[in-house]
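Subject: Structure handover

Hello,

Here is the structure we talked about.

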Amino acid sequence: MAPTTAAAAAHRPSPFSREVRRWRALRRMSQLELAALAGTTQRHLSFIESGRSAPGRAMVVRLAESLALSLRERNALLLTAGYAPAYEESPRDGAAIEPAMNALRSILTGHLPYPAVVAGPRGELVLANAAFEVLTEGAAARLLEPPVNVLRLAMHPEGMGPRVVNLAAWGRHVTESLRARAAAHPDGGLDALAAELAGYLPAGAPPGPDHLGFAVPLRLRTAGGELRLLTTLTSFATAVDVTLSELHLEAFLPADPETAELLRRRAAARGAAPAG
């Protein structure tokens, strides 16, 4: 017997069902794979995606976690399913995350005489240590007006761009990393920023046989000589606050003794006490 119009409407995929399918396709996962990760059956997941079954809050959370969604994306999925968000989003100067922010300030100070910054999800500067000045040397004043975008500053022709010896290779690494993040967590703002930064790169041949891929040190000209810097990225993988989860710490390390010495001399000239 053909289903009634009411029954057909009841089984029509909901916005939540469509979101689950969209994320599963983006992650290139089968229903069976996602169901196994979320601790349910393929049949149940099929019913969820077709709109025949409305999941409980716990199942929505398990699906979001299994799909490796960010905390912001998990909250959005919960809202789509009709549930309240699970994760707080504190202001950056709020009391809830003040201990973590203070810890970050201590880390930045302890990293001296080497530069380090804390940035938001689209490269907006949140915190920086005194050695950050080596990255802003000679930059246009407008690029240093809040909110400073450290990614734009790094590649802009009025920022660090002209001082980056290996701008083509290093800049490609930055833009590819940004695009990979935008692909995993779709964000029109990230796409636009990646396109903007790519426009600052010099046109040239594709990477040659000596291309090092992700292992691209930053070679930066300064008034005191050329720096060779490696970078490390740290994020709050176990954060339960949206704001904190979206911050990352980027710390620069000397790739050779000459760079370490140059940065120590700059710190002494600033009157800072070099670390180590």
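Two strands count as paired if DSSP finds at least two bridges between them. Strand β4 (residues 225-235) and β5 are joined by seven bridges and run antiparallel. Within that pairing, L233 stands opposite E250 of β5. Keep in mind that this is a predicted model.

β5 also pairs with strand β1 (residues 116-119). Four bridges join β1 to β5, and these two run antiparallel. Here A119 has H248 of β5 as its bridge partner.

Now the helices. Two packed helices are described by the angle between their axes and the distance between the axes. For helix α10 (residues 167-184) and helix α11 (residues 188-198), the axes come within 9 Å. They cross at roughly 165°. An angle over 145 degrees counts as roughly antiparallel, and α10 and α11 are therefore roughly antiparallel to each other. Their crossing is left-handed.

Which residues make the contact between α10 and α11? From α10 come V174, T175, L178, R179, R181 and A182. They meet L190, D191, L193, A194, L197 and A198 of α11. By class, this contact has eight nonpolar residues, one polar and three charged.

Best wishes

Note on methods. Residues numbered from 1 in each chain as written. Predicted model: local features only at pLDDT ≥ 70, side-chain atom pairs only at ≥ 80, totals over all residues. Heavy atoms only, no water. Axes fitted to C-alpha atoms, helices over the stretch in contact; angles between N-to-C directions. Parallel < 35°, antiparallel > 145°, perpendicular 65-115°, else oblique. Left-handed = near helix turned anticlockwise from the far one by under 90°. Contact = heavy atoms within 4.5 Å. Nonpolar A, V, L, I, M, F, W, Y, C, P; charged D, E, K, R; others polar.
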